[in-house]
Amino acid sequence: MPEIASRNHIEAISRVTKKALEEANITFEDIDSITPTYGPGLVGALLVGLSYAKALSFAIDKPLIGVNHIQGHIAANYITYKELEPPFLCVMMSGGNTQLVYVKDYTKFEVLGKTRDDAIGEAFDKVARVVGLGYPGGPKIDKLAKEGNPNAIELPKTHFENLDFSFSGIKTAVINLHHKMPDINKADLCASFEKTVSEILIENTMKAIKQIDTKTVVLAGGVSANSYIRNEFMKLQDKGIKVYMPDMKLCTDNAAMIGSAGYYNFINGEKSDLNLNAVPNLKL
Ligand code: KG4
């Protein structure tokens, strides 16, 4: 409910900022720049953060630097791994995006492939709702799937010549199965769903690794908190590929990752002005 999300942002933003400064034991004087995210996302919530950031930047006379939310998810990894440096391949999987991104440098990206329909997180949430697990579905599927057999049910995979994804076919297949067989073992269904989406992700990842000739794969976005997907990606280490994934608390949306991306934009000399506006469908 976008309107409620915006109102909640308004209620929380001053309090959260104050608490963050207190916990870090710093004041506004210690800050180098204000780095709000300006897209992609819900326009109302984006505008709340952006208006607050602009006012703050003006009031305390610190530069304003806009951050792309997807760049933030990638930069969450730099907080967890001090040694991680581009170039690498990022598998970006969240509630609104699923992309394979060639991270050429801290602020230079090339999208190699993306979903043609649902984002992977949307598919998790929709499946969870239909099988009666509620929202947000990802963590609930993750938990229930641990009791199921990932090989119990065969589900469809959509392949493309290039590095694009599709998750609507598998989502619909799970929903149809559940409608036709209401007594189906839900844990098996969730486990099989996780296994199939992992395979889809890893097949395209392997193709992308070949295409850009890298040995480093970095996960990002809310769905990278999924324990089955994390385990499957870790197995790529046996093939000589270095695999990084953010700390669990940095996988889903958070402000620290936006600050991390903002830091790299800052040292790269980027600067926004007070005309910076929210861009709900901002691309990398
Ligand atoms: O990255 P994120 O916090 O928000 C966006 O920027 O989109 O991702 C939210 C998505 C939701 O769809 C949620 O169900 C999913 O991440 N998610 C998970 C898990 N934790 C969160 N999906 C699968 N397994 C999880 N453990």
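Guide: Start with the axes: an axis is a line fitted to C-alpha atoms, for helices over the stretch in contact, and angles run from 0 to 180 degrees between N-to-C directions. Helices (H or I, at least four residues) and strands (E, at least two) are DSSP runs, numbered from the N terminus. This is a predicted model, in which local features need pLDDT of at least 70 and side-chain atom pairs count only at pLDDT 80 or more, while totals for chains, interfaces and linings use all residues. Residues are numbered from 1 along each chain as its sequence is written, and side-chain values use heavy atoms, with hydrogens and water left out.

Visitor: At roughly what angle do the axes of α4 and α5 cross?

Guide: Helix α4 (residues 120–130) and helix α5 (residues 137–145) have axes that cross at roughly 70° and come within 8 Å. α4 is therefore roughly perpendicular to α5; that label covers 65 to 115 degrees, while angles under 35 count as roughly parallel, over 145 as roughly antiparallel and the rest as oblique. A crossing is left-handed if the near helix is turned anticlockwise from the far one by less than a right angle, and right-handed if clockwise. The crossing of α4 and α5 is left-handed.

Visitor: Which residues of α4 and α5 meet?

Guide: Contact means heavy atoms within 4.5 Å. From α4 come Phe 124, Asp 125, Val 127 and Ala 128, and they meet Gly 137, Gly 138 and Ile 141 in α5. Ala, Val, Leu, Ile, Met, Phe, Trp, Tyr, Cys and Pro count as nonpolar, Asp, Glu, Lys and Arg as charged, and the others, Gly among them, as polar. By that scheme the contact of α4 with α5 has 4 nonpolar, 2 polar and 1 charged residues.

Visitor: How do the axes of α4 and α6 cross?

Guide: The axes of α4 and helix α6 (residues 168–180) cross at roughly 5° and come within 10 Å. α4 is therefore roughly parallel to α6. On the α4 side the contact is made by Ala 123, Lys 126, Val 127 and Val 130, and on the α6 side by Lys 171, Val 174, Ile 175, His 178 and His 179. These divide into 5 nonpolar, 2 polar and 2 charged.

Visitor: What lines the second largest pocket?

Guide: Its lining includes Pro 40, Ile 70 and Lys 114, and the pocket holds about 160 Å³ of space. Pro 40 lies in the loop between β1 (37–39) and α2 (43–60), and the peptide bond from Gly 39 to Pro 40 is cis, with omega near -5°.

Note on methods
On a 1 Å grid over the protein atoms alone, a cavity is a set of points where a 1.4 Å probe fits but cannot get out, and a pocket is an open set with protein on both sides within 12 Å along at least five of seven lines; lining residues have an atom within 4 Å of a point. Grid points are joined across faces, edges and corners, and a volume is the space filled by probe spheres set on the points.
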